[in-house]
Amino acid sequence: MALRVNGKVVTPTGVVRQGCVEISGNRIAAVAEYPAKRDGHWIVPGFVDMHTHGGGGHTFTTGDADAAREAAAFHLRHGTTTLLASLVSSPLDLMRAATAAFAPLVREGVLAGVHFEGPYLSAARCGAQNPEYLRDPSTDELAELIELGAGAVRMVTLAPERAGALEAIKLLTSHGVVAAVGHTDATYDETRAAVAAGASVGTHLFNGMRPLHHREPGPVVALLDAPSVVCELVADGVHLHDGMLTFASTTAGPERTALITDAMAAAGMPDGEYELGGQAVTVADGVARLARDGAIAGSTLTMDAALRHAVSAGIGIADAARMVATTPARAIGLGDQVGALQVGLRADLVVLDDELNVVRVMRGGSWLE
């Protein structure tokens, strides 16, 4: 028995104003026009968050499997049907433990993979990363983690100017792991060398990076300019001015722009005291900052809020939907499985009201109760 969801269907090519998505089992069987008396709700693909550290009071950064389940469930209620569990710079023992703890959740489908944001990052651009854990990339460490994860390790963010970074990028990409450039003081040329070696993602573009300069364009321009690179943007109005959000997404295009939350445990929680990677974080008015120096420490964003923010900044709904689902899915190698309302893909969708608030969430053909 096929299930039919009617409304304004947002596809990668545009909006079917009076449309329907037909679901058979856990797959999309058809996307078609379906004349109705009224337009109904928006139907968008399930969101794909390729960079999140936690939410709902739970964190991925300690490598605790129970906390990871709860954080994933929190984001699922906000429409995120696919996510990577992002860790922060940590000792190797914690990286090992987290990989071992999260690999079963990846096999189960709770997580789409693990993202190590660090520890191979720039001290000068560490942002909210713990400086005591920063170190040069180690191909031995990475090879061990990739083997231990047996497919669970999906992405690693590193700074290309650190010794051994290009070798690390080549190792990662040879194993099908996404190499991302972030928390970097690299020059334009150093960044281009990383892209040539196989780096294909810019981690939260602008944030934790050497800023633009007209005589030294730095990593931002090198990443925006590279046809093979998907640029992450934190669309919360705090990490980026809306003018920068629309400039970057226009420059890279929706097919190369991925909206992320970079959320921490405090997402969906009251203001107060939290921690990230062993460092004290204070959340005030929904903005998370390190207690020690006021650096932005992740966000309290959810993907539905990122979509609303992008649309309010002037990005069209079809482009915004690509940026929260289709492009990030492709960036992490899952574009043939999820990320769009297309025949054959997993039946992940979010029903939104006219204010783009979540009404219902479907994952794998089943409604979230």
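Buried means under 20% relative accessible area, exposed over 50% and partly exposed in between, with a 1.4 Å probe and protein chains only. This is a predicted model, in which local features need pLDDT of at least 70 and side-chain atom pairs count only at pLDDT 80 or more, while totals for chains, interfaces and linings use all residues. Residues are numbered from 1 along each chain as its sequence is written, and side-chain values use heavy atoms, leaving out hydrogens and water.

**Stop 1**

Select Thr261. Its relative accessible area is 0%, so Thr261 is buried. Thr261 sits in the loop between strand S14 (257-260) and strand S15 (272-276). Helices (H or I, at least four residues) and strands (E, at least two) are DSSP runs, numbered from the N terminus.

Now show what surrounds Thr261. Contact means heavy atoms within 4.5 Å. Not counting residues up to four places away in sequence, Thr261 touches Asp49, His51, Thr52, His75, Val234, Ser299, Leu301, Thr302 and Met303.

Move to Asp262, in the loop between S14 and S15. Asp262 is buried, with a relative accessible area of 4%. Most residues other than glycine have a negative phi, and most peptide bonds are trans. Asp262 is not a glycine, yet its phi is positive, about 50°.

**Stop 2: helix H8**

Met303, one of the residues that Thr261 touches, belongs to helix H8 (residues 303-312). Select H8: Met303, Asp304, Ala306, Leu307, His309 and Ala310 are buried there. After H8 comes Gly314, with a positive phi near 110°.

**Stop 3**

Which way does the phi of His204 go, positive or negative? The phi of His204 is positive, about 25°, although His204 is not a glycine. His204 lies in the loop between strand S12 (201-202) and helix H6 (218-225), and is buried with a relative accessible area of 3%.

Next select Gly118 and Pro119. The peptide bond from Gly118 to Pro119 is cis, and its omega is near 10°. Pro119 is in the loop between strand S9 (113-117) and H3.

**Stop 4**

Two packed helices are described by the angle between their axes and the distance between the axes. Axes are lines fitted to C-alpha atoms, for helices over the stretch in contact, and angles run from 0 to 180 degrees between N-to-C directions.

Select H3 (residues 139-149) and H4 (residues 165-174): their axes come within 10 Å and cross at roughly 15°. Angles under 35 degrees count as roughly parallel, over 145 as roughly antiparallel, 65 to 115 as roughly perpendicular and the rest as oblique. H3 and H4 are therefore roughly parallel. At this contact, Thr139, Leu142, Ala143 and Ile146 of H3 meet Glu167, Ala168, Leu171 and Leu172 of H4.

The axes of H4 and H5 come within 9 Å and cross at roughly 25°, which makes H4 roughly parallel to H5. Leu166, Ile169, Lys170 and Thr173 of H4 make the contact with Ala193, Ala194 and Ala197 of H5.

**Stop 5: the core**

A nonpolar core is a set of buried Ala, Val, Leu, Ile, Met, Phe, Trp, Tyr and Cys residues joined through side-chain atoms within 4.5 Å. The largest one has 90 residues, and Met50, Phe102, Leu111 and Leu205 have the most contacts inside it. Helix H9 (residues 317-331) supplies the largest share of this core, eight residues.

Finish on Phe102. Leaving aside neighbours within four places in sequence, Phe102 is in contact with Phe60, Gly63, Asp64, Ala65, Ala68, Ala85, Leu87, Leu111 and Val114.
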